Amino acid sequence: MSPHLRRTLVVVGHGMVGHRFVQAAIERGLTETHDVVVVGEEPRPAYDRVALTSFFDVGAEALSFLPTGEYDDPRVRLLLGTTVEVVDPAARTLRLSDGGELAYDELVLATGAAPFVPPVPGHDLPGCLVYRTIEDLEAIREAAAGARAGAVVGGGLLGLEAANALHGLGLETHVVEMAPRLMPVQVDDAGGATLARHVEALGLVLHTGVATRAVVERDGRAAGLDLGEDGGTVEADVVVFSAGIRPRDALARAAGLDVAERGGVLVDEQCRTSDPHVWAVGECAAPGGRMYGLVAPGYAMAEVVVDALLGGPGAFTGADMSTKLKLMGVDVASFGDAFATTDGALEMVLADAVAGVYKKLVVSADGRRLLGGILVGDASAYGVLRPMVSSGIDLPDNPEELILPASRSGGAEVALPDEAQVCSCNDVSKADIVAAAACDGTTRAGATCGSCKPLVKKVVEDYFASQGRTVDRSLCEHFAMTRQELFDAVAVHGHTSFDEVVAAHGTGRGCDVCKPTVASVLASQLGRHVLGEGRAVLQDTNDAYLANIQRNGTYSVVPRVPGGEITPEGLIVIGEVARDFGLYTKITGGQRIDLFGARLEQLPDIWRRLVDAGFESGHAYGKSLRTVKSCVGSTWCRYGVQDSVRMAIDLELRYRGLRSPHKLKGGVSGCARECAEARAKDFGIIATEQGWNLYVGGNGGATPAHARLLAGDLDDETLVRYLDRFLLYYIRTADRLQRTAPWIESLDGGLDRVREVVVDDALGLGSELEAAMARHVAGYRDEWRDTLEDPDKLARFVSFVNAPDAPDPHIGFRAERGQQVPADPAEPAGPVVLGSAIPVGAPR
Amino acid sequence: MSLRAPAADPAAYTSVCRLDRIPREAGVCALVEGQAVAVFRTYDDEVFALGNYDPFSRASVLARGIVGTRGDVPFVASPMHKQGFDLRTGQCLDDAAVRVPTYAVVVRDGEVLVGPAEVDAGS
């Protein structure tokens with residue numbers, strides 16, 4: 001195909017599978033030859049439907065796969081809020097709901113599935129809802145307001161998630177399941193009974209083995225369910241149908257494409273429909289006549305179609321329907337031949353009704369191979385067991401140890417073969433992970449449901465161990481501990497000096513790595529002056545002289561300008577100081593003014609002038625809070641909905657001087673236009689009509705990261721409380737020089753873990769962290785003012801100890817664009833430096 | 001205090017400061033015969049002197065580095081790009097081809113005296 005003749009590929013549907021298809025198309029180069037148009041019916045881009053239950057906690061944005069609303073690849077165009085009304089395979093065109101028409105060369109149907117609503121009388125009454133999209137959840141939330149009780153029709157996986165949502169909204173919640181047990185597709189009777197005990201303990205009311213005969217009507221609204229003679233009537237103001245899903249194949253049917261007997265667009269192994277230019281993937285497709293209602297097979301189909309369009313041989317030949325999930329805090333997993341349908345299959349069962357655990361292994365007749373299993377209450381073994389099924393490796397001699405509680409087993413070790421599939425969502429094998437570990441590459445393992453993460457971690461660690469490498473998190477040769485361990489040790493023992501710390505926990509006399517780290521930990525815990533009590537010698541040169549060293553050995557000076565708000569008088573003072581000391585001035589990215597070219601011995605005189613005029617240290621030199629940037633906000637801006645400047649000033653003054661593992665930056669935007677670029681900050685706050693959204697973990701720099709939503713629509717007080725907790729949790733547990741984004745990434749559970757600790761207070765640390773921050777705020781003093789008042793501290797600010805006012809002759813300046821800049825340094829005269837070549841350090 | 005014997009001619013030494021003017025595990029910069037010399041004091045009160053000029057960054061800054069140990073070697077880390085220098089020999093610990101000059105230094109009656117640069121013929 002000529003690269004000059006670009007072809008058009010249209011994707012109908014922007015759900016999880018449609019999104020995955022586009023991602024794969026971009027990654028594998030399909031967009032080099034194809035323009036891609038994605039037509040999505042929902043008002044927002046693809047989001048994580050698997051995690052839909054968390055919508056009420058985290059909001060829509062946190063679930064989004066594409067928060068920016070567009071793909072990085074400009075050859076992909078996304079049409080949202082648009083449906084395809086007609087497909088004409090003969091003409092290769094389709095008509096859109098907005099009246100537009102699109103021509104395609106290749107068409108991919110990813111229209112998904114729709115909830116099945118059984119046609120019982122009253123099923124369409126107001127108050128009857130389904131559970132599939134964010135809009136559905138919004139409708140459920142709205143209906144639940146003022147409602148007393150809710151009922152879910154369907155006790156399968158999705159039904160229980162819907163029930164969890166109703167329960168979380170404070171409704172008395174009923175679950176009606178026609179089968180004799182919950183989750184009939186995944187678990188057996190004993191497993192279902194164990195699950196039922198857990199669910200009932202949470203206060204849900206179960207009605208199994210009964211059919212819904214009708215929705216009871218009162219005042220034109222749903223008021224309950226009629227469960228027939230056996231089940232009686234259940235009162236419910238909200239009814240959610242979750243009785244399975246049906247492929248959305250109407251578009252294909254109307255276009256004359258073949259469909260499967262039980263629904264779904266019939267496709268071959270390459271996911272091609274009966275028209276050679278139309279493909280179908282995900283829940284709307286029926287490879288070989290069978291529909292797959294899980295995301296992993298949909299992802300596999302998406303990859304297969306991209307491969308086929310690139311001329312590859314990929315084929316979809318069925319999928320692992322294993323499931324693992326956590327429902328209302330209860331682990332449930334089902335994998336392989338869970339119901340022992342294989343000839344001669346044997347079952348091995350561990351049931352502990354007290355602990356609420358049920359585990360079943362299905363093994364082959366000869367007892368050598370694992371065929372499948374069910375885990376309820378504790379699915380920690382899933383990561384090891386499921387790959388054993390797909391790889392067919394021999395069971396260990398005592399297979400029961402695989403399901404015994406960890407405390408009672410020797411922890412059966414199973415060596416997986418290379419081809420074992422570790423991540424079933426993304427089809428990543430052990431060999432893929434090892435290969436990625438060997439070259440510092442990445443895989444998608446664990447990126448979808450996350451259930452395989454512990455196994456991925458173990459595979460990576462085993463690989464490194466096999467290479468004789470251990471993951472060494474020692475700070476340096478003097479401390480065989482991480483920064484967090486050091487932080488805890490200092491707190492527990494109440495150390496107040498480096499000498500105490502190194503004597504108790506280290507060796508030698510320290511270095512440029514551990515000394516500033518200990519200094520930072522002491523600063524976080526003691527809150528005393530960084531140059532006091534012998535601590536000056538621990539500090540990096542920037543902290544040691546409360547200024548930023550520049551390439552010629554001079555320093556730059558940055559007074560604090562909270563929120564970037566400054567009076568004309570303030571500007572004049574800074575200008576006068578710069579003029580009088582001949583300093584180069586530049587506006588920083590943090591909305592303040594940097595004054596360059598100050599000699600060491602000039603720093604006190606410069607700061608005396610600044611402090612007298614009311615300025616204080618901006619801590620531009622510290623691993624500490626730098627600035628909280630703001631837009632002009634509702635005071636001036638016609639779009640602003642909150643006073644972002646006020647909030648930025650409050651936060652900057654609250655957290656000024658706070659020492660942290662790395663620099664910290666904040667931002668506050670007064671509306672969703674986000675002019676303060678708050679999401680590029682460690683903590684970013686964006687105003688909403690109701691309050692503030694709090695984002696965390698953003699940064700610019702070499703590895704840019706967008707901050708992600710931690711919590712939404714907060715009032716001022718809650719915002720500050722969450723921020724206090726977030727910042728101190730970070731300060732206490734992050735590694736040295738680890739910014740918030742990689743720190744969050746490093747936590748087991750990532751952002752969810754941060755949310756548990758900060759928002760849900762899962763560790764019960766909330767009040768302690770808030771108290772620690774209150775101490776910081778109360779104990780804050782301007783470091784420069786204190787330095788100017790202390791002759792001992794000032795004594796260090798000299799050019800030469802024996803000629804305090806003589807300027808270092810090595811420092812020279814030249815003029816550029818009307819200001820002074822460093823002149824190229826001359827080699828010192830006199831003693832020679834041995835060695836023929838002198839490498840020059842980093843260029844700046 | 002120093003491992004090195006003072007040169008014969010006491011007139012060649014410049015008094016730079018009292019020993020207690022140099023914090024333990026820190027350096028000060030002294031002006032000696034027109035040259036910037038970094039004078040360091042270790043935790044056990046040994047005193048060393050190196051040229052203050054950091055050949056990597058080409059700036060006069062070594063006295064402002066952090067002083068500690070690498071193994072048994074007392075060293076200073078350049079405040080600019082962290083290369084380490086052996087306080088006893090001036091040898092860069094991160095690049096065998098680089099070395100900074102050392103100066104004779106003694107402490108007499110609590111006063112730190114810096115002598116001429118030492119040229120080590122052996123290397």
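Against which elements of chain A do the buried residues of α5(A) pack? The structure is a predicted model, in which local features need pLDDT of at least 70 and side-chain atom pairs count only at pLDDT 80 or more, while totals for chains, interfaces and linings use all residues. Residues are numbered from 1 along each chain as its sequence is written, and chains are lettered from A and ligands numbered from 1 in the order in which they are written.

Helix α5 of chain A (residues 157-168) has 12 residues; helices are DSSP runs of H or I with at least four residues, strands are runs of E with at least two, and both are numbered from the N terminus. Of the 12 residues of α5(A), 10 are buried, that is, 20 or more other C-beta atoms, placed from the backbone, lie within 10 Å of their own. Among them are Leu157(A), Asn164(A) and His167(A). The buried residues pack against α2 (55-58), α4 (134-144), β10 (149-153), β11 (172-177), β16 (238-241) and β21 (323-327) of chain A, contact being defined as C-beta atoms, placed from the backbone, within 7 Å. Just after α5(A), Gly170(A) has a positive phi of about 90°.

The contact between the chains takes 38 residues from chain A and 40 from chain B. On the side of chain B that touches chain A, β2(B) gives the largest share, five residues. This side divides into 24 nonpolar, eight polar and eight charged residues; Ala, Val, Leu, Ile, Met, Phe, Trp, Tyr, Cys and Pro count as nonpolar, Asp, Glu, Lys and Arg as charged, and the others, Gly among them, as polar.

Technical notes. Contact = placed C-beta atoms within 7 Å. Expected span 1.5 Å × (residues − 1).
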